[in-house]
Amino acid sequence: MEGRLIIPSSGLPDAKSYSEADSSVLQIWGGHRLHGHVKISGAKNSALVIMAGALLCSGECRIRNVPLLADVARMGQVLLALGVGLKQEGEILEINARDITTSKAPYELVTQLRASFFAIGPILARLGVAQVPLPGGCAIGARPVDLHVRGLQAMGAEVQIEHGICNAYVPGKNPRLKGAKIYLDIPSVGATETLMMAATLADGETIIENAAREPEVIDLANFCIAMGAKIQGAGTSTITIVGVPELHSTEYDIIPDRIEAGTFLVAAAITRSELLLSPVVPEHLIPVIAKLKEIGVTIIEEAPDCLRTLPAETLRATDIETLPHPGFPTDMQAPFMALLTLAEGDSVINESVFENRLRHASELNRLGADIRVKGNTAFVRGVSMLSGAPVLGTDLRASAALVIAGLAAQGKTVVQGLRHLDRGYDRLDMKLQQVGAKIERSPAVPEIEAEENKSVMNSQESAVV
C-alpha cells in the first residue's frame, strides 16, 4: 500500500479546507422545522483511537464507517509521519502498519489533537521506545497524562517528560512491556485505552481497575480482539488483558456516534420537529433519552438501530449533572444547555467532568438566553424566544450548541469557530440542510470578525457571576 493519504474530492476536505474553516461562518435562519432521516456517522472517539490501535498490527487493517472529520485527517497525518501506509476511500480507511519507520510522533500534529497522544501505547508496545509530545485539543480544562504515564511505568517502561515531550522506553535486551495490575485514580477514557492497547502485546496479564466504561472503550477492545488480542471485561470497571506476541490483519466497523445522534435528537427537540435517526445504538443513548423524556420529548425505538423523535408540546426544565459513563455525558452538556434556554422553568447544569466547559453560556446569552454561571454550575432560566446574533464557538460541543440554538432563534444567527465544529461533526451543516434547516456556510465578513473579537474579550466575564 502506498504511504499516502488519499482524500476523495466529494468527501473529506483537504488540509487547506480545514484552515479555511477558521475564516468561514455558518449562517442560520431559525424557525424552520426539521423533517426526514439523518444518517448517523461513525463515532469520532472510536475512529481516532482505533486508528492508533492499528499501530499494534504488523499487517493491514480495513476500517469501515470512518467519519469524515478534521480530527480523522489529522490522525491520518500522524500515522503517515510514523511511516504507516494509509488510504481512504469515502468512509473506508485502510491502514498498513507493517513498517513503523520512526518512534517519534510529530510535535506540530500531536499538539493539535489530543487523541494522537494515545499512540504512545501502541508505539511502545511495538518498538519498545516512543517519543510523543504532550497533547492538544479543545481548551475545556486540564486533561493530564499522568495516569497514562504511571500505567506504562507499572508495565516496566521508563518514562520522562522533558521540553513538552514524553519519552518512554522499555529497558533490557528484550524490550517488551510486562503485564501489571493498574488502578486508575479516575476512570479516564484516554488512560484506559492507552494502557489496554499497550497491554495487548505485553508479556503476561494486565488488569486495569477503575477503568472507563464508555462505549468507545468497548469498541476499541472489540477491534483489538478482532486482531487476535485477548481482552475481557471491557465495558466494566475491571478489564483483563493477556498479552500475545503479535496481532493480525482484520476488517472492522466503527460504532455509530452517540454524541452526533444525541445532538440531532436535541436539534429536533428545540425545533419541535419529527426526525428519524439511524444507525444508532439506543443503549449508548440511555441517559440522553432519559433527560429528553423529562423535558417532554417523545422518542420511539422504530427498530433496533433506529430512533424517531416526536415534537413536544411544552419543553420542561430539568437538572443535569455530567458524569463518566453510564452517567450523563459531558459532550452533551452544551447542546442540552441550548435546549433548556427555551424550557419552562429553571434548570441547573453541573459540569463535574471538566472545569472549563461552560464558556458557551455567554454566547447563548447573546442570543437572548438567561444563563448565570458560578464555578462549574450554570443556572438556566427559560425564556420565551431566542433571537439571532453573531456568536463564537469556543470548543467542539459549544459550537454545536450554538448551531442548535440558531435553529430555533428568530432571525439570522452567524456562528464562527467552525474549526472546532469540523473536528467532530461529519458535515453537520449539510446533514441539517437535508432535513430542512436553512443553514449556509460562507466566508466571514468584516462586521462578523469584529463581533468575534468582541465576543472573545467578553466570553468569560459576561457569563460568570
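Lys 44 has a relative accessibility of 7%, so Lys 44 counts as buried; buried here means under 20% relative accessible area, exposed means over 50%, and partly exposed is what falls in between, using a 1.4 Å probe and protein chains only. Keep in mind that this is a predicted model, where local features need pLDDT of at least 70, side-chain atom pairs count only at pLDDT 80 or more, and totals for chains, interfaces and linings use all residues. Residues are numbered from 1 along each chain as its sequence is written, and side-chain values use heavy atoms, with hydrogens and water left out.

Back to Lys 44, which sits in helix H2 (residues 44–53). Helices are DSSP runs of H or I with at least four residues, strands are runs of E with at least two, and both are numbered from the N terminus. Leaving aside residues up to four places away in sequence, Lys 44 touches Pro 67, Leu 69, Asp 71, Asp 257, Leu 396, Arg 397, Arg 423 and Gly 424, where a contact means heavy atoms within 4.5 Å.

Asn 45 is also in helix H2, but Asn 45 is partly exposed, at a relative accessible area of 31%. An unreviewed UniProt entry lists Lys 44 and Asn 45 under "binding site"; its positions follow the numbering used here, feature names are shortened, and annotations may be inferred rather than shown by experiment.

Now for the strands. Strands of a sheet pair through backbone hydrogen bonds, either parallel or antiparallel. Two strands pair if DSSP finds at least two bridges between them. An open sheet is formed by 4 strands in the order S21-S22-S1-S23, with mixed pairing. Its edge strands are S21 (390–392) and S23 (438–443), each pairing on one side only. From one strand to the next, the twist averages 25°, with axes fitted as lines to C-alpha atoms (for helices over the stretch in contact) and angles running from 0 to 180 degrees between N-to-C directions. Strand S1 (residues 24–29) pairs with S23 in the antiparallel sense over 6 bridges, and Leu 26 has Arg 441 in S23 as its bridge partner.

Elsewhere, strand S16 (residues 306–310) pairs with strand S14 (residues 274–278) in the antiparallel sense over 3 bridges. S16 also pairs antiparallel with strand S15 (residues 298–303), over 5 bridges, and S15 and S16 form a hairpin with 2 residues between them. Look at Leu 307 in S16: Leu 277 stands opposite Leu 307, and Glu 301 has Leu 307 as its bridge partner.

What about aromatic rings? The whole structure holds 2 aromatic pairs, counting rings of Phe, Tyr and Trp (its six-membered ring) with centres within 6.5 Å; planes under 30 degrees apart are stacked, over 60 edge-to-face, and the rest tilted. Phe 223 and Tyr 252 are edge-to-face, at 5.6 Å centre to centre and 65° between the planes. Phe 223 is in helix H8 (residues 215–226) and Tyr 252 in strand S13 (residues 250–253), so the pair ties together parts 29 residues apart in sequence. Phe 328 and Phe 336 have ring centres 5.1 Å apart and planes at 85°, so this pair is edge-to-face. Phe 328 is buried at 5% relative accessible area, and Phe 336 is buried at 0%.

Finally, confidence: the chain averages a pLDDT of 90, and 89% of the residues score at least 70, pLDDT being the predictor's confidence in each residue, from 0 to 100. Over residues 448–453 the pLDDT is below 50. Where pLDDT is low, the predicted coordinates should not be read in detail.
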